[in-house]
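Please open the model in a viewer and keep the selection panel at hand.

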Amino acid sequence: MIDTVKRLLKNKIYMCNTLAAIFYMFGFMPFWMYTPKYIEVQYRVSAARASFFTGSVGLVFSAFGILISGFVITKFKPTARCLAMWNVFVSIIAVCATITYPFLGCNESDMQSRQMVLHKDEVQQACNLNCDCDFVKYSPVCSEDGQTTFISACHAGCRDFAMEDNKKIFTDCSCIPSPIGAAAFQLSEDSIEVSNFSVQDLASNNDSVLTTSTPSSFISNLPQFLGGRAFSGPCPVDCTAMFYSYIALVCLLKFTGASGRTSNFLVSVRCVSERDKATSLGFGMMLFSFFVFIPSPIIFGYIIDSTCVVWGKTCTRKGNCWLYEGESMRYIMNFTAAVFVAIGTLFDVGTWYYVKNLQIFEANRDENMGTKEERELINVQRADNGELAKPIKVADRADSE
């Protein structure tokens, strides 16, 4: 076993090809695991819709990529260098696409996230100060004017709710001005006109709104300008164009990536000798487990959590993340993934360089000469040097049996 592992480590084609696949999968592991959450955060779509596009549509394009690449390889029997060059091309497309992802964000969604954080931490703190919202579950509501999203009805200062057309409507929300409060009014007693004041000014005790000279009639009439309504769910944002652009790019990447993995597997099984094939597959899976399947979700999970701006709370510790900062998530997550895929591209180039003598489908005439034992000995020697591995012909196997 040790001797076999040593031969694999010295096999330049095998190691370059395996390392290329490791870095490629490391970079794309977060997209396979966290894409539904990513779509929910970036484009404000439901979990069901996000899962549909990432699960159904994405898998269809991956399946077509594998089938079409298998058909092309079987039909045209490309050389090892052609297969390796296709892997390089696929990796370059992957890097370019991953770098493009951060620029396919939705500005309206980003603004909504910043708005919710602002209303929680600064502007709206006074109007819900006595509501004890720290342990309230994340359940966003939208003000009746459709402009402001709050983390929950509690954060909007709502004191009651009503049912209208089987929809829950929160009422008497101290952080939301009522419709009459948005209009200008005339103070008849002192003939002082106050126009377009906002609850944010009231909550922050803005001196330009409330001063010691403010007439008593204004103060007495103040409650009628507060106590607006809110509707369940975040305020609607239009991210349709960016969302479908992102899905189109994902489908392209699923298709090309699946086709590249076919050629990668062919090179990996042809570049080792017959006696090392089983061990090479197991050794490769071990490397994937240690360097991809275990660390990648942990690292990218930490990156995603680092973009959380509002955490839930439990009695003893920090709870789940309620709200992510979409713009930071896009840039950090995608650029980090692009770095790993780019490193994998360099190893793909190395694979392309070393496979110049590798025969994938048939050997040349000189290599078919000699006895079966001589041909296998040549294959073993060249495979140990990372140069060539020609499988024993079916006829030879039959003769040996």
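Two residues are in contact when heavy atoms lie within 4.5 Å. The model is predicted, so local features need pLDDT of at least 70 and side-chain atom pairs count only at pLDDT 80 or more, while totals for chains, interfaces and linings use all residues. Residues are numbered from 1 along each chain as its sequence is written, and side-chain values use heavy atoms, with hydrogens and water left out.

Select Tyr 101 to begin. Not counting residues up to four places away in sequence, Tyr 101 touches Phe 31, Tyr 38, Tyr 246, Leu 249, Val 250, Leu 253, Arg 330 and Asn 334.

Next, display the largest nonpolar core, which has 37 residues. A nonpolar core is a set of buried (under 20% relative accessible area, 1.4 Å probe, protein chains only) Ala, Val, Leu, Ile, Met, Phe, Trp, Tyr and Cys residues joined through side-chain atoms within 4.5 Å. Ile 39, Tyr 43, Tyr 101 and Tyr 246 touch the most other members. Among the elements that each supply at least two residues of this core are α2 (12–43), α8 (240–270) and β9 (318–324); helices (H or I, at least four residues) and strands (E, at least two) are DSSP runs, numbered from the N terminus. The largest share, nine residues, comes from α2.

Then select Leu 8, Met 25, Met 29 and Leu 358, which are included in a second, separate core of 23 residues.

Finally, select residues 12–32. This span is 100% helix and 0% strand, and its end C-alpha atoms are 29 Å apart. For residues 85–104, the end C-alpha atoms lie 29 Å apart, with 80% helix and 0% strand.

Terms used
Buried means under 20% relative accessible area, exposed over 50%, partly exposed in between (1.4 Å probe, protein chains only).
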